[in-house]
Amino acid sequence: QLSLVESGGGTVQPGGSLRLSCQASGFTLNMYAVGWFRQAPGKEREAVPCITGTDDTPTVSDAVKGRFTISRDRATNTVYLQMNDLKPEDTAIYYCAAGGARASFYIKGCSSGPSEFDWWGQGNQVTVSS
């Protein structure tokens with residue numbers, strides 16, 4: 001069974017940091033682009049950073065630019081989301097997703113919408129509160 005497993009969420013005070021991890025089970029994540037998405041209550045799922053499968057080029061949304069960093073460790077088949085200077089508006093469930101199994105993904109690559117990603121993690125709650 002092919003799946004993504006996330007870890008690292010939790011509760012942190014404003015200005016704090018968290019690191020989320022995304023590992024693949026049953027396949028090699030290194031071949032695929034990996035994006036992080038988040039969804040707050042009552043809001044649509046929002047793209048956060050994404051990293052390409054070919055050369056690990058990152059793309060980062062304006063909402064988190066300068067605070068969130070995406071990286072990949074090919075030796076451990078893991079993608080990380082480092083989140084610094086967290087704000088209450090960052091509170092959401094965070095999902096990692098892998099894309100690239102279908103040719104249609106490559107039309108927009110990391111700018112693709114959620115429906116173009118093939119595998120999803122279970123989601124991890126991140127709460128930023130004082």
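**Close-up views of a predicted model**

**View 1. Twelve names around the largest pocket.** Lining the largest pocket are Arg38, Gln39, Ala40, Lys43, Glu44, Glu46, Ala63, Arg67, Glu89, Asp90, Thr91 and Ala92. Please keep in mind that this is a predicted model. The space inside the largest pocket comes to about 170 Å³. Sorted by class, its lining holds 7 charged, 3 nonpolar and 2 polar residues.

**View 2. Arginine 67, one of the residues lining the largest pocket.** Let us zoom in on arginine 67, which sits in the loop between β6 (58–59) and β7 (68–73). Its relative accessible area is 9%, under the 20% limit, so arginine 67 counts as buried. The side chain of arginine 67 comes to 3.1 Å from the backbone oxygen of alanine 63, and Ala63 is also among the residues lining the largest pocket. Setting aside neighbours within four places in sequence, arginine 67 is in contact with Gln82, Met83, Asn84, Asp85, Leu86, Lys87 and Asp90.

**View 3. The disulfide of cysteine 22 and cysteine 96.** Here is one of the 2 disulfides that the structure holds. The sulfur atoms of cysteine 22 and cysteine 96 lie 2.1 Å apart. The torsion about their S-S bond is about 70°, so this disulfide is right-handed. The pair joins distant parts of the chain, with cysteine 22 in strand β3 (residues 18–25) and cysteine 96 in strand β9 (residues 92–99), 74 residues apart. Both cysteine 22 and cysteine 96 are buried.

**View 4. The disulfide of cysteine 50 and cysteine 110.** In this view, the sulfur atoms of cysteine 50 and cysteine 110 are 1.9 Å apart. The link between cysteine 50 and cysteine 110 is left-handed, with -65° about the S-S bond. This pair, too, ties together distant parts of the chain: cysteine 50 belongs to strand β5 (residues 46–51), while cysteine 110 lies in the loop between β9 and β10 (119–120), 60 residues away. Cysteine 50 and cysteine 110 are both buried.

**View 5. How the bonded cysteines pair up.** To finish, take the two links together. How are the bonded cysteines of the protein chain paired when numbered in sequence order? The pairing is 1-3, 2-4. Cysteine 22 is bonded to cysteine 96, and cysteine 50 to cysteine 110.

Definitions and conventions. Residues are numbered from 1 along each chain as its sequence is written. This is a predicted model: local features need pLDDT of at least 70, side-chain atom pairs count only at pLDDT 80 or more; totals for chains, interfaces and linings use all residues. Side-chain values use heavy atoms; hydrogens and water are left out. On a 1 Å grid over the protein atoms alone, a cavity is a set of points where a 1.4 Å probe fits but cannot get out, and a pocket is an open set with protein on both sides within 12 Å along at least five of seven lines; lining residues have an atom within 4 Å of a point. Grid points are joined across faces, edges and corners, and a volume is the space filled by probe spheres set on the points. Ala, Val, Leu, Ile, Met, Phe, Trp, Tyr, Cys and Pro count as nonpolar, Asp, Glu, Lys and Arg as charged, and the others, Gly among them, as polar. A disulfide is a pair of cysteine sulfur atoms within 2.5 Å. Helices (H or I, at least four residues) and strands (E, at least two) are DSSP runs, numbered from the N terminus. Buried means under 20% relative accessible area, exposed over 50%, partly exposed in between (1.4 Å probe, protein chains only). A polar contact is a pair of N or O atoms within 3.5 Å; within protein, one must be able to donate a hydrogen and the other to accept it, and residues adjacent in sequence count only if both atoms are side-chain atoms. Contact means heavy atoms within 4.5 Å.
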